Amino acid sequence: MVVAQIIIVIALIAMITGKVPLYLTAFVGAVLAALAAGIPVNPAWAPDYWDGPTIMGLMQASGLNPVILDMLGVLLFIGIMEKVGFLNAIILKIIHVGHRLGGGPGVATAGGIAAGIIGGMTGFTQPAITGVVTGPPAVEMGVDKNRVAGILAHAGHLGNFGGFTHPTIVAVVALTGIAWGPTNAVGIIVALSIFAASLIRVRRMMKKEGTLGKKVDLNLETSEVPFWKAIIPFLVLIVAFILGLPVVLAGIGSAFIVILMSIRNFIKGEKDMMDGLVRITVPLFATVAFLFMARIVQEVGLIDLLVETHDGEVVGGILAGAMQSSPLILILIMFLVGSFAGLVTQSNGASIPFIMPVLMALLAAGVNPVAAAVAAAGGPAIMQYYLTGGPVAALSTVIPVIPGSDLKLANRFQRPSILWGMLVLLVINVFLGLVLTHGL
């Protein structure tokens, strides 16, 4: 067991460095640790006395998580929404409303929110896509170039934390065994608070500078699909989701409504739905890899070093004192670990090796899984953008479409708003810890 634990720790450290393939290392490290711990590959090779798990069984259990089924439903729905132009109609409406209500700052904010929605639904958060349309007009309306770029790049917060497809959020939801919904809701609230902070700050700056209120004709694209028509299937999905219908059924049912409303050939509509599934490959692999690794981490006793339980009670481990003092302390530890991981790795995905063992320890200690999931997922999704504006699909992709903008200055503008979002997230974590874990 000691050798197996050492192998898992080496694998986690290797993953943290970012010098090795993340998912393959999780798989290989888990298999080697399992073999070192004496876990048989399959039941046929197990000795007669063996009554524990096998590597094959752990892999199969890791791949059948309900999260994968839920993602299938969402992506089938998004696939057909994209193909018939319904998703584009919703995005364009958001941009038009932003222009009408908020002038230049509103246009930039709407562009960022629209990109975040696209990213959250499709797994491809590229603020440059909407930035091409909304960035230059926002600048022409008097908004500083770097502020425009910074606002647009907030899209990553919404796409990562509020969406359905990033491997980290998928892994956290799968590990905790919760349904989709709580983490998405918190992610949306936190991301919108960051957008709101930047919007308010920019309007105050422009009012002080005397540039607020400048108007230009945007000549924004219009959609052939009416907004009221495009939003109906989306509202049906949300209502079905709230009522407790399984997400996979809600997604397929809403996709069926899209086919009917668009008068689409059902064979063609099914193909359009299936096209949405091409986006599931990365989160699917991530789910299987990290759940399998998590099971091996549990089997080799690494979690017992952090939290040891007996008959449902915490009896030892590094975090035992914190748990006995208050479960809320463990939630705050998880929040700090995740935030630190996002800050130092500048990557939501690379934060997983940091947060996985602590998250599993919290679950073993009996911390409410929803509170644990929010604490684990939030920090990396937000703080990965603090130092440089984030990984590839973030601020660095916006700078080229906003001529004259500078990455360092744009990132400097983002930081106060990011810290505000972290404060909002901290308050939510404390609230969830008190209400869900302490039952107040």
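This is a predicted model: local features need pLDDT of at least 70, side-chain atom pairs count only at pLDDT 80 or more; totals for chains, interfaces and linings use all residues.
Local features here need pLDDT of at least 70 and side-chain atom pairs count only at 80 or more, while totals for chains, interfaces and linings use all residues. Residues are numbered from 1 along each chain as its sequence is written, and side-chain values use heavy atoms, with hydrogens and water left out.

**Whole protein.** Show everything as a cartoon: you have 21 helices and two strands (DSSP runs numbered from the N terminus, helices being H or I with at least four residues, strands E with at least two). Of the 440 residues, 55% are buried, meaning under 20% relative accessible area with a 1.4 Å probe, protein chains only.

**Helix pair.** Now select 327-345 (H17) and 407-437 (H21). Their axes, lines fitted to C-alpha atoms over the stretch in contact, come within 9 Å and cross at roughly 150 degrees, on a scale from 0 to 180 degrees between N-to-C directions. H17 and H21 are therefore roughly antiparallel, a label for angles over 145 degrees.

In H17, look for Pro327, Leu328, Ile331, Leu332, Phe335 and Ser339; they meet H21 residues including Met422, Leu425, Asn429 and Gly433 (contact is heavy atoms within 4.5 Å).

**The loop.** Next, pick Gln346, in the loop between H17 and helix H18 (352-364). Its phi is near 55 degrees, a positive value in a residue other than glycine.

Key: Angles under 35 degrees count as roughly parallel, over 145 as roughly antiparallel, 65 to 115 as roughly perpendicular and the rest as oblique. Buried means under 20% relative accessible area, exposed over 50%, partly exposed in between (1.4 Å probe, protein chains only).
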